[in-house]
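Please read it alongside the sequence and the structure.

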Amino acid sequence: MTVTLSSRAKNTNPSATLAIASSAKRMKAEGFDVVDFGLGEPDFETPAHVKEAAIQAIREGFTKYTAAGGIDELKEAIITKLKRDNGLSYSRAEVIASCGSKHTLFNIAEVLLEPGDEVIIPAPYWVTYTEQIRLVGGRPVIVQTREEDGFHLSRQVVEPTITPRTKAILVNSPCNPTGAVVPLEQLKAIAALAVERDLLLVSDEAYETLTYDGRAHVSIASLDEEVKRRTIVVNTVSKAYAMTGWRIGYAAGPAEIIKAMGDIQGQTTSNPTSIAQKAAIAALLGPQDDVRAMVAEFDRRRRYLVGRLNAIPGLRCANPEGAFYLFPNFSAFYGRKSNGGPIRNSAEMATYLLQNAHVALVPGADFGSDSHLRLSYATPMEAIVKGADRLERALGALRA
Ligand SMILES: Cc1ncc(COP(=O)(O)O)c(C=O)c1O
């Protein structure tokens with residue numbers, strides 16, 4: 001039989017990060033010693049007390065369906081966290097738990113967008129935003145932030161792109177892939193713009209715990225009540241607590257939107273895993289020492305790697321203010337030759353580095369910037385040192 005896939009399926013690009021991860025994995029399976037800078041997940045263990053809470057849930061038989069949007073105990077834990085860390089007050093009707101924040105974001109796209117509705121996405125952006133918006137028939141409108149401005153989002157770049165079809169502005173601070181943290185004044189200006197033009201704000205705060213050099217994360221929803229009323233805060237236990245595999249993300253926002261997300265979730269995935277919900281409660285309400293220890297270690301790696309990359313002639317690497325990624329500019333090397341001919345773009349650079357230096361990086365083209373490649377330093381220091389040595393040698397070997 002001939003299968004005809006839907007146009008939605010045909011038009012969806014596979015995740016670029018997963019594609020590079022699978023090439024790196026294949027090389028590792030073939031016996032190559034690959035340094036993997038491609039991954040988007042902490043290399044630390046999930047904290048012991050979190051694992052224990054899940055084990056206890058299994059022992060107690062907490063292994064059945066729950067309410068589709070998460071158990072009340074988890075909603076209360078999310079409410080406590082948002083109050084404690086972000087100064088935000090919500091009721092249970094205003095929060096929902098999902099199977100990872102990727103799922104949360106997809107639910108938001110499902111409930112908000114009619115075909116042709118536009119969402120403003122600052123570039124460089126996490127690859128999933130644009131794909132999800134397209135999947136539901138919406139239109140991602142890309143606005144460029146500039147390396148010279150620290151990749152900071154500003155009202156000036158957003159405002160001219162607003163049209164009668166604009167539904168929402170997406171804010172991702174700290175940002176994947178640049179690590180940029182939107183400065184408070186600029187956050188306020190974007191919030192003011194959303195109020196003036198009656199737009200929703202979707203604030204993806206997945207990396208909120210990972211900020212450096214004394215910077216503190218501020219949720220745009222916390223700026224004032226008027227802003228909060230039009231903001232959906234999205235967060236996850238994945239990055240802060242090294243819980244990527246547990247699949248618990250959550251959102252807080254207007255009850256009407258949260259209810260609609262719950263209705264869709266009830267007809268698609270049902271509840272996020274019962275035992276993972278118990279683990280997430282332990283993560284959100286338990287001791288936060290592991291989080292602090294992870295941030296300190298990420299910071300040590302960040303400083304080392306930024307220094308090493310900027311010491312390579314031709315490579316320019318901004319100091320990321322948050323998350324666990326570097327987004328160096330490789331464009332000075334484009335046009336230079338390896339044995340295989342000139343390297344013309346970020347995809348060819350990623351292939352060259354993987355095949356010749358056995359270092360996996362993700363091409364920036366997938367994040368909306370072909371001059372850059374993304375490195376994750378969520379990998380042990382020993383591998384980072386080895387990877388930096390290899391990058392230095394491989395880039396030095398390119399001929400003009
Ligand atoms: C910016 C951003 N948001 C959300 C997510 C999704 O995380 P999860 O679905 O594990 O909650 C990621 C994962 O890489 C991310 O980088």
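Helix α12 (residues 289–310) and helix α14 (residues 381–396) have axes that come within 10 Å and cross at roughly 5°, where axes are lines fitted to C-alpha atoms, for helices over the stretch in contact, and angles run from 0 to 180 degrees between N-to-C directions. Because of this angle, α12 is roughly parallel to α14, a class for angles under 35 degrees, with over 145 counted as roughly antiparallel, 65 to 115 as roughly perpendicular and the rest as oblique. Helices (H or I, at least four residues) and strands (E, at least two) are DSSP runs, numbered from the N terminus. On the α12 side the contact is made by Arg301, Tyr304, Leu305 and Arg308, and on the α14 side by Met381, Ile384 and Ala388; two residues are in contact if their C-beta atoms, placed from the backbone, lie within 7 Å. By class, these residues comprise five nonpolar, no polar and two charged, with Ala, Val, Leu, Ile, Met, Phe, Trp, Tyr, Cys and Pro taken as nonpolar, Asp, Glu, Lys and Arg as charged, and the others, Gly among them, as polar.

The model is predicted, and local features need pLDDT of at least 70, side-chain atom pairs count only at pLDDT 80 or more, while totals for chains, interfaces and linings use all residues. Residues are numbered from 1 along each chain as its sequence is written.

The protein is divided into domain 1 (7–45 + 290–396) and domain 2 (48–285), with bounds that come from an automatic or database domain assignment. Taken over C-alpha atoms, the centres of domain 1 and domain 2 are separated by 26 Å. Their contact takes 34 residues from domain 1 and 30 residues from domain 2. On the side of domain 1 that touches domain 2, the elements giving two or more residues are α1 (7–11), α2 (16–29) and α12, and the largest share, six residues, comes from α12. That side of domain 1 has 14 nonpolar, twelve polar and eight charged residues.

Strand β14 (residues 373–376) directs Leu373 and Leu375 one way and Arg374 and Ser376 the other way, and all are buried; a residue is buried if 20 or more other C-beta atoms lie within 10 Å of its own, exposed if 12 or fewer, and partly exposed in between, with C-beta atoms placed from the backbone. Strand β9 (residues 325–326) pairs with β14 in the antiparallel sense over two bridges, and Tyr325 stands opposite Ser376 in β14. Strand β13 (residues 362–363) also pairs with β14 in the antiparallel sense over two bridges, with Pro363 opposite Leu373. Two strands pair if DSSP finds at least two bridges between them.

The table lists backbone angles of note.

| Site | Feature | Value |
|---|---|---|
| Ala123 and Pro124 | cis peptide bond | omega about -10° |
| Ser173 and Pro174 | cis peptide bond | omega about -5° |
| Arg247 | positive phi, not a glycine | about 60° |
| His358 | positive phi, not a glycine | near 55° |

Pro124 lies in the loop between β3 (118–123) and α6 (127–135), whereas Pro174 is in the loop between β5 (166–172) and α8 (184–196). Arg247 is placed in the loop between β7 (231–236) and β8 (249–252), and Arg247 counts as buried because it has 20 C-beta neighbours inside 10 Å. His358 is found in the loop between α13 (346–357) and β12 (359–360); with 19 other C-beta atoms within 10 Å, His358 is partly exposed.
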